[in-house]
Amino acid sequence: SEEELLKTPLYDLHIVKGGKIVPFGGFSMPVYYEDLNITESHNWTREKASLFDVSHMLQHNFAGPGAANFLASITPSSPKALAPFTSTLSAFLHPDGGIVDDTIITNISSGWRDQFYVVTNGACRAKDKAFISDALAAWRRDSQHGEVSWHTLENNGLIALQGPLAAEILQSLEPKKDGHELDLSTLHFGQSAWLTFGDVLSGEDKSACLVSRGGYTGEDGFEISITGSDHSNPTQTLTEALLRYAGPEKLRLAGLGPRDSLRLEAGMCLYGHDIDDTTTPVEAGLSWIVAKDRRAQGGFNGSDTILQQLKAKKDGGGVTRRRVGIVVEDRAPAREGAKIVNEEGEEVGVVTSGGPSPTLGKNIAMGYIRDGLHKTGTKVGVVVRNKTRPAVVTKMPFVPTKYWKGKGAA
Amino acid sequence: MGAFRAAGMQRRGFAVAAMLRVKKYTEDHEWVELGEDGVCNLGISKYAANALGDVIYVELPELDMEVGFGDTVGAVESVKSASDIMAPVSGKVVATNEALEEKPGLLNQDPEGEGWIAKIKVEHEEELDGLMDEEAYIKFTEESS
């Protein structure tokens, strides 16, 4: 569109560091930086650590006595059942069960107030705001419904520190929880904490950052939400400190290019490609985000459709298409839009994401395939430049994940 | 590699052509250079190689393939996208640069030299007349940016 592109708090840093800037989701974002190409940056993340600016994503706060129930009405999750300071992958749903956007919901309730921190995709910013506004308006029309206050945190920064060295790098900044240095090995995948970085963010900037263990790469790592300021740039201050404390032999900035190839290897969906308004969580292989207690009761957008799909085939359940992983046995990558064919050459599906896997040295893809052909090991073909290339349905993640679940955990 | 020009010289004639390796460019950013025996080298331009980013795979044309001007004869794959290679002349593919199979990065290092893609035995040398010379091509890329 002709509208001016927005800038994140790290825009100036991207320029200084030689970021190749492109428009993305209404923002000017770096695809990669001049020091490493996309493949090199991808490998760096898996071997050392990378820092991604993800401030283009939309951060929200939902609070109040009705917040949990409101979120439960438009997602298949159970926010109330989320242990304090833990998060879950979720999805905002259309009434027909299609996915409006995928999201992470974190329970940040304290003793006196129910509160949820929610992050949604940058590219869906306008759509999600409209969806939530409408849903909230409908919610508020019922006087029985608990009060909900909803704020978008558009001044906050969000950075992702990912890779095997992420924990030691963050620890070197001596993060404190409630005034005491926190041993980050006690912060497990899926958990969050308010942390201060006293040596780095002081004075006006000293408010705590919400640090969540997890990310979009399959590696161990952290996503850090930093409260914005009108007078300073704490996101830049923290980012520069991380780069300084770690040094360029351990930590580099990474852009959207490697972010995409890393998440593909980890089997994670990209909204607008692998999931969209027409896909239900069941078709997308995300049935697990439908919380157990929601399966019995329903009562969320699309629950009729989704609960029916969750039933066994013999009971009229199931889906006609399923998201699968594919390894292409050819040197040409299969990319979004490539047809998937069966051994007879009939069209049976389509690729929704694909490209070379630097870690595996093979071409990988994600796509939807006719139910019945979705089993691991099924031989298929993908059509690239009018030629059918052999491929095989493969379990995801393509590259084993390394989420930190504590010492000695499996 | 600059174009060697001599005012008033005809391009036809084998002895003359050997001296006059004039590179021509298409609007699809391929280059073609007519050599001896009516065989020309072709590849993608420096401008195209830079725009593509790091090349990870080159799908070379098939040997002995008969191609028409503008036919897709292969592709160059970078991390994020693929670009078709279009034949800048019609004729028959008589050689492909197998070095690119082992080292696709050669295309980025030297797209207009060592990173040549294929050789075509040209049927109608006049087809090259319609293509841009280096100066016109540079102007064309500046206008498109």
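This report describes charged residues in a predicted model.

## Basis of the model

Residues are numbered from 1 along each chain as its sequence is written, and chains are lettered from A in the order in which they are written. In this predicted model local features need pLDDT of at least 70, side-chain atom pairs count only at pLDDT 80 or more, and totals for chains, interfaces and linings use all residues, while side-chain values use heavy atoms, without hydrogens and water.

## Salt bridges

Side chains of opposite charge can pair when their charged atoms come close. Over all chains, the structure holds 22 salt bridges (a side-chain nitrogen of Lys or Arg within 4 Å of a carboxyl oxygen of Asp or Glu).

One of them joins Glu154(A) and Lys129(A), at 3.1 Å from N to O. This pair links distant parts of the chain, 25 residues apart: Lys129(A) belongs to helix H4 (residues 125–141), and Glu154(A) to the loop between strand E8 (149–152) and strand E9 (157–162) of chain A. Helices (H or I, at least four residues) and strands (E, at least two) are DSSP runs, numbered from the N terminus.

## Buried and partly exposed pairs

Arg213(A) and Asp220(A) form a salt bridge, their closest N and O atoms being 2.7 Å apart. Both residues are buried (under 20% relative accessible area, with exposed over 50% and partly exposed in between; 1.4 Å probe, protein chains only).

By contrast, Glu154(A) is partly exposed, with a relative accessible area of 41%. Lys129(A), at 26% relative accessibility, also counts as partly exposed.
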